[in-house]
Amino acid sequence: MRPVKQSALFRLALLALIWGSSFLWIKLADRGFAPVEVTFARLSLGAAALFPVVAARREALPRSAALWAQIALAALFANAIPYLLFAVAERSVDSSTAGIINATTPLWTVTLAVAVRHQKSVTARQFAGLVVGFAGTLLIFSPWHSAYSVASVGGLECLAASISYAISYVYMDRFLVRRGMSPITLSACQLLMAAALLAVALPLSGAGAPQVSAISLVSLVILGVLGTGVAYVLNYQIITSEGATVAATVTYLLPVVAIVLGVVVLGETVTISVLAGIALVLAGVALTRRQGRAARRDENGSAGTSKRQQDIGRPRPGTGSPSQ
């Protein structure tokens, strides 16, 4: 891999901070707004931040109804469902817990890709990664300590959100990423469709009147404009200048950012077993994301066609990210 330019390193660090801090902003926004309101607002603000970029680049929007339907389905699994689940979950679990569970997303992605034969096989390295990652997840959940927040309903909601992200990655990789649209246009359209889905759910949610405070309102704006909108632009810039491999490394930093912010800002606590589980999960993620050249040649017929298989489980610029 070629050396990463200083500008790309700065963007990578900034993106990790933005996405990793999203769990904190959700937690703070939840103090004044219902989860469905938080989700609708962040999606709407994210789309509002991206469409001016699309207009400035003079990029065309999709004209096919079938393509819009596929984008809507991707938005359901990549944005509407997981965003709402995380917003609901963080009313009962720590923001650091949500960040930790979110780190399991690539593990579920690889498992699902193989299960539906989107990826033909699992290499020895990937299998080791799945085993190590599962051990880490088990250690984090600590089912023998059922009172801990990760083993709660909120923890399961975070887990369901991570699996929803995994479904979206495989779906996007199979049906959308090679349709000729730029990642930023696809992202803008997807956020728009996700906001429309939440707009339908909003009046049916039974949410009471918001208890608006300065902190909750500012957190919501930051979550939408930065954590959902600007983050996509940064991710697109990194992929354009350095490629998907470098851009994917941001995922490794998200749980660390979420935990540090949860401890420093919210006074949350993290146990030694959770830290050990984090290490195992990240090791598992690293293993599942690295395939040997020979394995890629076996799966694709030639080394030159390996990019799609190599990128399974990595964040796609138009998928809403595994990272919030």
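Q: How many residues does helix H8 have, and what does it reach from its first C-alpha to its last?
A: This is a predicted model, where local features need pLDDT of at least 70, side-chain atom pairs count only at pLDDT 80 or more, and totals for chains, interfaces and linings use all residues. Residues are numbered from 1 along each chain as its sequence is written, and side-chain values use heavy atoms, with hydrogens and water left out. H8 covers residues 183–201, and the expected span is 27 Å at 1.5 Å a residue (1.5 Å times one less than the number of residues). The helix comes close to that, with 19 residues and a reach of 27 Å.

Q: Which residues of H8 are buried?
A: Buried means under 20% relative accessible area, exposed over 50%, partly exposed in between (1.4 Å probe, protein chains only). Within H8, the list starts with Ile184, Thr185, Leu186, Ser187, Ala188, Cys189, Gln190 and Leu191, and goes on to Ala194, Ala195 and Leu198.

Q: How many helices and strands are there in the protein chain?
A: Helices (H or I, at least four residues) and strands (E, at least two) are DSSP runs, numbered from the N terminus. The tally is 14 helices and zero strands.

Q: What share of the residues in the protein chain is buried?
A: The chain has 324 residues, and the buried ones make up 51%.

Q: Which side chain meets Arg57 in a salt bridge?
A: A salt bridge is a side-chain nitrogen of Lys or Arg within 4 Å of a carboxyl oxygen of Asp or Glu. By this rule the count is one. Arg57 is partly exposed, at 42% relative accessible area. Its partner, at 2.6 Å from N to O, is Glu59.
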